[in-house]
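Visitor: I am new to this structure and would like a guided look at it. Please show it first, and then I will ask my questions.

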Amino acid sequence: MTSAAVLSQNLKTEVGSLLGRHFSCRVVPGNPGTFFVDFQLAPEPGAQASV
């Protein structure tokens with residue numbers, strides 16, 4: 001699997017929709033190494049926040 005495929009799987013979106021998008025990822029230190037959890041897409045610029 002490519003890095004883009006893994007990222008799109010974590011974000012629950014299609015690979016083709018990743019270009020130009022921003023996302024956040026919470027990083028948790030672990031033993032041995034680092035674990036990346038809680039991937040979330042950032043809202044698109046100008047998008048209305050849902051209430």
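**A walk along the chain**

Visitor: What share of the contacts in the chain with a separation of 6 or more comes from residues 24 or more positions apart?

Guide: This is a predicted model, in which local features need pLDDT of at least 70, side-chain atom pairs count only at pLDDT 80 or more, and totals for chains, interfaces and linings use all residues. Residues are numbered from 1 along each chain as its sequence is written, and side-chain values use heavy atoms, with hydrogens and water left out. A contact means heavy atoms within 4.5 Å. Among contacts with a separation of 6 or more, residues 24 or more positions apart account for 14%.

Visitor: Which pattern does the chain follow along the sequence?

Guide: Helices (H or I, at least four residues) and strands (E, at least two) are DSSP runs, numbered from the N terminus. The chain has one helix and two strands. Read along the sequence, the pattern is α-β-β.

Visitor: What is the radius of gyration of the chain?

Guide: The C-alpha trace spans about 40 × 25 × 15 Å along its principal axes. The radius of gyration is taken over C-alpha atoms, and the globule rule is 2.2 Å times the number of residues to the power 0.38. For a compact globule of 51 residues the value would be near 10 Å, but the chain has 13 Å.

Visitor: How much of the chain counts as buried?

Guide: Buried means under 20% relative accessible area, exposed over 50%, and partly exposed in between (1.4 Å probe, protein chains only). Of the 51 residues of the chain, the buried share is 10%.

Visitor: Why do the buried residues of α1 line one face of the helix?

Guide: The buried residues of α1 are Ala 5, Leu 7, Ser 8 and Leu 11. Seen down the axis of α1, these buried residues line one face because they fall within an arc of 165°, an arc being that of the directions from the helix axis to the C-beta atoms. On the other side of α1, Ser 3 and Gln 9 are exposed.

Visitor: Is Ser 8 buried or exposed?

Guide: Ser 8 lies in helix α1. Not counting residues up to four places away in sequence, Ser 8 touches Thr 13, Glu 14, Val 15 and Leu 18. With a relative accessible area of 6%, Ser 8 is buried.

Visitor: What is phi of Lys 12?

Guide: Lys 12 lies in the loop between α1 (3-11) and β1. Lys 12 is exposed, with a relative accessible area of 76%. Its phi is positive in a residue other than glycine, near 55°.

Visitor: What is the bridge partner of Ser 24 in β2?

Guide: Two strands pair if DSSP finds at least two bridges between them. β1 and β2 pair in the antiparallel sense over eight bridges, and a hairpin joins β1 to β2 through two residues. In β2, the partner of Ser 24 is Gln 40.

Visitor: What is omega for the peptide bond from Asn 31 to Pro 32?

Guide: Pro 32 sits in the loop between β1 (23-30) and β2 (33-41). Pro 32 is exposed, with a relative accessible area of 74%. The bond from Asn 31 to Pro 32 is cis, with omega near -5°.

Visitor: Which strand holds Asp 38?

Guide: Phi of Asp 38 is near 60°, a positive value in a residue other than glycine. Asp 38 is partly exposed, with a relative accessible area of 39%. The strand is β2.
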